[in-house]
Amino acid sequence: MPDVPIERHTLDNGLRVILSRDPSAPIVAVNLWYDVGSKHEKLGKTGFAHLFEHMMFQGTATVDKGQHFSLIQAAGGTLNATTWLDRTNYFETMPAHELELALWLEADRMANLLPAMTQEKLDNQRDVVKNERRWSVDNQPYGSWDEKMQALVYPDGHPYHHSTIGSMEDLSAASLDDVREFFATYYAPNNAVLTVAGGFETDAALRMIERHFGPIPRNATLPGPPDMTVEASIGRQLRETVPDQVPLPRIYLAHRAPVFGSDAFDALDVAADVLGSGRASWLYAGLIREQRLAQDASAFVFPITGGASMFVLWVTARPGVSVETLEKALIAEIDRLASDGPSEGDLNRVRNLRAAQTAGMLERIGERADRLSMYGCLFDAPELINSEVSRYRAIGPDRVRDAMRASIHDRNRLTLTYVPAEAAS
Amino acid sequence: MIARPAATAPRPYRFPDFERHQLDSGLSVWLVPLADRELVSVHLLTDAGAAAEEERNAGIAALTAQLLVTGTERLDAAEFAETTERLGIEVSSESSWDSARAGFVALGEHLDAGVSLLAEMIRSPRLDTGEFDRLKAERLNDILQSRADPGRLADESFLRELYAEGVPYRRLSAGSPESVAALTVADAKAFHATRYVPQAGHLILAGAFEPAAALATIERRLGDWTGEGKGHRQIEPRTRVDRRIVLVDRPGSVQSELRVGHLGIDRHDARFFPALVMAALLGGVFGSRLNLRLREELGYTYGARCSFDPRRAAGPFTASAAVQTEVTADALRELLAQLDRIRDDEPGDVELAEVRDFLVGVFPLRFETTAGIAGALEPLAVYGLPDDYWQTYRERIEAVGIADVHAVARDLVRPDEALILVTGDASQVRRELEDAALGPLEVIAAT
C-alpha cells in the first residue's frame with residue numbers, strides 16, 4: 001500500500017496542523033479533533049461534552065443559527081461531528097475549491113461562539129440531545145448496554161465510569177455558564193489538531209489556515225488530563241442481569257484491557273478479529289454455524305487511551321437456547337484462544353481481511369483525515385496511519401495468546417445478560 | 001455577517017467512463033477501470049429479487065441469496081469462508097425487490113481468484129439443507145427481533161397498513177414469518193435454477209484492473225454460463241387513499257415513531273428529478289424544512305426526514321421522525337403542516353437554489369469509493385436508464401425550477417390521503433391523538 005503523505009506544521013498559538021495532499025482529488029476534507037471528550041466531564045455534568053458539540057452548530061457572532069449547515073450544504077459539502085470518551089471531532093468534506101469556506105467556519109466557531117450563545121439555543125439542543133438519547137438508548141432493545149457496561153467495568157468516579165450520552169438528569173442541569181466555561185477551557189487552538197486531506201495546493205492551504213486560525217489566542221491555562229489511573233484488571237467476576245423489552249437473550253462480556261496505542265492492545269485487536277471477523281471466525285463458525293446456539297456474535301476492542309480500554313464480546317441466543325449453555329460455549333472459544341493461540345491460517349485470514357478493510361477505509365478522504373487527526377491528537381504521531389497494516393501483520397500467535405492470557409479471563413470479566421422482561425418477572 | 005471566503009476555481013469532475021460488453025450467454029459486463037486505485041469492486045446483478053418470487057414463496061429470493069455464500073459443490077460452508085477470507089474477500093449476497101446482488105471488494109491482485117469464486121458460487125452453489133434450515137431460523141429470529149425495535153416495527157407496519165391486500169409491497173421484501181416458515185430447500189433450488197441465469201444479468205467491475213485481462217477472466221468463468229429466466233412479476237401497487245391514523249401499541253415506549261405517507265413514484269416516473277429536489281428540500285438534507293422545524297426549532301426529535309422509494313412499481317413516499325411521547329400529536333400536526341405548506345406555496349428561490357447546489361456540488365463526493373461507483377451503475381443496469389445518466393445528472397438537477405417543484409409537490413404530496421402510522425405507548429398517546437382529530441384512529445397491538 002502506498003504511504004499516505006503527511007506534512008506537519010504548528011501555528012504560533014499551538015494549533016497542530018497535518019496536511020495530506022492528493023493532487024488529483026476533486027474534493028478536500030477538513031477534520032478537527034479537540035482533545036476533550038466525556039472523560040473530561042465533571043460530576044453531575046455527564047453528557048455535557050456531547051451537548052456542547054451540538055452547540056457548536058448553533059451559530060456564532062459571525063454566522064447565524066442554521067447558516068453553518070446551509071453554507072456547507074449549498075457549497076456541495078457534507079459535515080458532522082461526534083463526541084466520544086477521549087475526544088470530540090468536527091469534519092467537512094467539500095468540493096476542493098471550497099476548502100476555505102470550511103476552514104473559515106471551523107476557525108470562526110473556535111473563536112466566536114460565545115457572543116451568540118442564548119438560553120433558547122441551549123434549551124432547544126438539550127431537547128434534541130434528550131431525544132437522541134431516547135432514540136439510541138432508552139427506546140432501543142439492548143440500548144443501555146454500553147452505559148451499564150462502562151458503569152460496571154470502571155469504578156465510581158473514574159472518567160470512563162459514565163457513557164458519552166450522559167443522564168437525563170445531568171442534561172437537564174446543563175447551564176449557559178457550563179457552556180461558557182467548557183468553551184473557554186477546552187476550545188482553544190493549542191487543544192486541537194487540524195487535518196486537511198485531498199485536493200489542495202500546500203502553500204495556499206497554509207496561508208488560509210494561518211489567516212483564519214492564526215489570530216485565535218491559545219489557552220495559557222489548559223488543564224492537564226484527568227486522572228485515569230485504574231487497576232489493570234477488575235479483579236473479580238461481575239454479573240448483572242437486565243430484564244428488557246427483547247425477544248432473545250443477549251450476553252455481553254467486557255474486560256479491562258491495555259490501552260489503545262500499546263502492543264498488547266494491538267494483539268487483542270487481532271484476537272477480536274480471529275474470534276469475530278468474517279464467516280470463518282471462531283464465533284461465527286462455532287456458535288452460529290456449527291453448534292447453532294447464537295443468532296449473531298461480535299468481538300471488538302474499544303480504542304481508548306486512559307488507564308484501561310475494554311475487550312468486549314456479545315452473542316444473541318437463538319430461541320430455546322439457555323443463556324447458561326450459550327455463555328459456556330462462548331467462554332470455551334475465548335479460553336481456547338487463550339490456551340492455544342491462533343493458527344497461522346487464522347492470522348493469514350484476519351491479516352488479509354484487515355488489509356482490504358484498511359484500503360477501503362483509506363479510499364475515503366474524510367476517513368483518511370479523521371485517522372490522521374486521531375493519531376495526531378491521541379499520540380502526536382500521525383505517521384502511525386502508515387504502519388497500521390504492518391503493525392497488525394507483525395503480530396504472531398504467541399503475542400495474541402499472551403495478551404489473551406493476561407487480560408481475558410474470569411477474574412477480569414463483567415457478564416451482562418439481557419433477558420426478555422416477561423421471562424424475568 | 002462578514003462575507004464568506006470566495007471559492008477558488010472548481011476542479012472539474014466527470015463520472016468515470018465505462019465500457020459495456022455483451023457476452024453470448026446474455027450477461028452484460030460493465031467495466032470501469034480506475035488507474036489510481038488499489039481496490040476493485042465486483043457486483044453481479046441478477047433478476048432474482050422479490051419481484052421474481054411467486055407470492056406463495058414470499059421470502060425465497062432473500063433466503064436464496066443468503067444461502068449462496070454457504071458453499072459450493074466443491075467447497076462446504078467452512079471451506080468457502082476460509083478460501084475467500086484468506087484473500088481478504090468478504091462475499092456478500094442479498095436481494096431487494098428488483099434484483100439480487102452478489103459481490104465483493106478486493107485488492108486488485110485478487111480479482112481473478114475472486115471472480116472465479118464468485119462464478120463458482122453463482123453457478124454451482126451447494127444449497128445445503130442444513131445451512132438452509134439454519135438461515136431460515138435466523139431469518140425468523142430476525143423478524144422477531146425487528147418487531148421489538150420501534151423503528152423497524154413502524155417501517156413494517158406502515159407498509160402493511162398502506163398497500164392493499166394482495167399487493168406484494170405490503171410486506172418486507174424478505175417475506176413475512178408465515179411465508180418464510182413454509183419455505184423449503186427445494187424452493188431455494190428451484191428459485192436458483194430459474195432465476196440465477198445470465199439472461200438479464202449484469203456484472204459490474206469498478207477499480208483496479210486491466211480491462212482486457214479482466215474480460216478474459218470473466219469469459220473464462222462466466223462465458224459458458226447458460227440459462228433463461230422466468231422474468232419477474234409486474235406489481236400493481238394499489239393502496240388505500242383514505243386519511244387515517246393507525247396506532248401500533250408498544251407499551252413502555254418513551255418515543256413515538258411517526259410514519260406519514262402514501263403511494264409514491266416508480267423509477268421510470270418522468271417527474272423523478274423534480275421529485276428528488278422537492279423531497280430533498282422538504283426532508284432530505286439537514287437544512288430541510290421538516291428537520292429545521294421539528295428539530296432545530298421545536299426540539300421534538302433527533303431528526304425528521306422524508307423520501308421516495310422508487311422501484312419498478314411505485315414504492316411509498318414517507319415522512320418520518322421519532323419524537324418524545326409527550327409531543328406525539330403536536331409533532332404530527334407540525335409534520336402535516338409542512339406537507340400542506342409545500343403544496344400551498346411555491347418554494348423560495350434561495351432555499352431551492354441551496355438544495356440544487358447541494359445535490360450538484362456533492363456529486364463528486366458520492367463516487368469516492370470503487371463500491372460507490374459500481375453501485376451507481378446498478379440503476380442503469382436494473383432499470384435500463386440511459387448510459388449518459390450520470391453524465392447528464394447535474395444538468396437535470398440544475399434544470400428543476402420553482403414551478404417544477406411546486407407542481408410536483410401538488411401531485412406527489414397528498415396529506416389528505418396520508419396514512420399516519422404511530423408506534424408508541426397507546427396508554428400515553430391515544431387520548432391526545434383522538435383529541436387532535438387528525439383522522440379516524442385505529443389502535444392495534446404490535447405483532
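Select domain 1 and domain 2 of chain B: their centres, taken over C-alpha atoms, are separated by 29 Å. The bounds are 19-222 for domain 1 and 244-445 for domain 2, and come from an automatic or database domain assignment. The model is predicted: local features need pLDDT of at least 70, side-chain atom pairs count only at pLDDT 80 or more, and totals for chains, interfaces and linings use all residues. Residues are numbered from 1 along each chain as its sequence is written, while chains are lettered from A and ligands numbered from 1 in the order in which they are written.

Next, display the contact between these domains, which takes 28 residues from domain 1 of chain B and 24 residues from domain 2 of chain B; two residues are in contact if their C-beta atoms, placed from the backbone, lie within 7 Å. On the domain 1 side, helix 5 of chain B gives the most, with eight residues. Helices (H or I, at least four residues) and strands (E, at least two) are DSSP runs, numbered from the N terminus.

Now show both chains: 59 residues of chain B are in contact with 59 residues of chain A. Helix 4 of chain B provides the largest share of the chain B side, six residues.

Finally, select helix 7 (residues 176-186) of chain A, where V179(A), F182(A) and Y186(A) are buried, that is, with 20 or more other C-beta atoms within 10 Å of their own, against 12 or fewer for exposed residues and partly exposed in between, C-beta atoms being placed from the backbone. The face turned away from the buried side carries the exposed residues D177(A), E181(A) and A184(A).
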